[in-house]
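I opened my notebook for a first look at this model. Come along and look things up with me.

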Amino acid sequence: MRKKLIAGNWKMFKTVPEAANLVNSIKAGLSKFSDADVVICPPFTALQVVSQLVNESVVDLGAQDMHFETEGAYTGEISPLMLKDLGCRYVILGHSERRAYFQESDELINRKAKAAVKFNLIPIVCVGETLAEREDGRAQEVVRGQVRGSFAGFTPEEMEKVVIAYEPVWAIGTGRTATPAQAEEMHAFVRGLLKELFGESVAGELRILYGGSVKPDNTQELMRLPDVDGALVGGASLKAESFVQIVNESTHDTVKEGA
Ligand code: PEP
């Protein structure tokens, strides 16, 4: 059975006091026995304060990116060792905003994902096509290339330590969500690809999150899809009320068996 995972990506929002307020409200709103795993990914500057505040709560800490080296002359970068030091358990890698604005390639994401696994950080590796690629009928081809490239050289044992987020670029921050049929089609496609590349056990166990304008009122219909194992939430994770509602809706009526 795959446990649902709801991850909030705060992007470049929240000063330290704002982050502390938000995480306190999220903690207050969540039940102590959440049926889903819950992760919040604040900006680097707020990781320390949030780490202290989530300690011994149901909420885990994640970062939004990292470098693949442990240390070195890489001005402005943050290493996996530093994230571990702050108590991070997860790290988002290859978000479409990093791919688009910082030219991150599958090869770079692959190096980062390998480093994350080496440091016992769970990478949430993002894949997803643009609107033009979907309209060209190339959505699956693009996602296939991203999955193959991001996990090149991974063993099945390493793949058991990762999470994938399918985030169609045209649905991020646009208010436009993939229909349940579009989401399930791509999630099932990715699961089939994982089976082909890494075997049945990896494909059955690995969590595939959906991301792209997830909100309280569309959570249930997305989360009850057989191959959707949680959500990566941007905008709606910036308000405690909507994030908590998404967490609660995500396990509303689903008990899913592994494939
Ligand atoms: C994201 O940035 O990962 C995301 C899914 O954003 P939003 O929920 O705002 O579309």
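My entries go from the whole chain to single residues.

**Ground rules.** I am reading a predicted model, where local features need pLDDT of at least 70 and side-chain atom pairs count only at pLDDT 80 or more, while totals for chains, interfaces and linings use all residues. I number residues from 1 along each chain as its sequence is written, and side-chain values use heavy atoms, with hydrogens and water left out.

**Overall build.** I looked up the secondary structure and found twelve helices and eight strands in the chain. Helices (H or I, at least four residues) and strands (E, at least two) are DSSP runs, numbered from the N terminus.

Of the 259 residues, 53% count as buried. Buried means under 20% relative accessible area, exposed over 50%, and partly exposed in between (1.4 Å probe, protein chains only).

**A buried strand residue.** I picked Ile40, which lies in strand 2 (residues 37-41). With a relative accessible area of 0%, Ile40 is buried. Leaving aside residues up to four places away in sequence, I found that Ile40 touches several others, among them Trp10, Val54, Leu61 and Phe243; contact means heavy atoms within 4.5 Å. Gly137 is 97 residues from Ile40 in sequence, and their C-alpha atoms are 34 Å apart.

**Aromatic rings.** How many aromatic pairs does a search of the whole structure find? I got two. In one of them, Phe151 and Phe154 have ring centres 5.4 Å apart and planes at 90°, so I logged the pair as edge-to-face. Rings of Phe, Tyr and Trp (its six-membered ring) pair if their centres lie within 6.5 Å; planes under 30 degrees apart are stacked, over 60 edge-to-face and the rest tilted. Phe151 is buried at 1% relative accessibility, and Phe154 is buried at 6%.

**Positive phi.** Most residues other than glycine have a negative phi. I noted Lys11, with phi near 50°, in the loop between strand 1 (5-9) and helix 1 (16-29). Asn120 has a positive phi of about 65° and lies in the loop between helix 5 (106-118) and strand 5 (122-127). At 56% relative accessibility, Asn120 counts as exposed.
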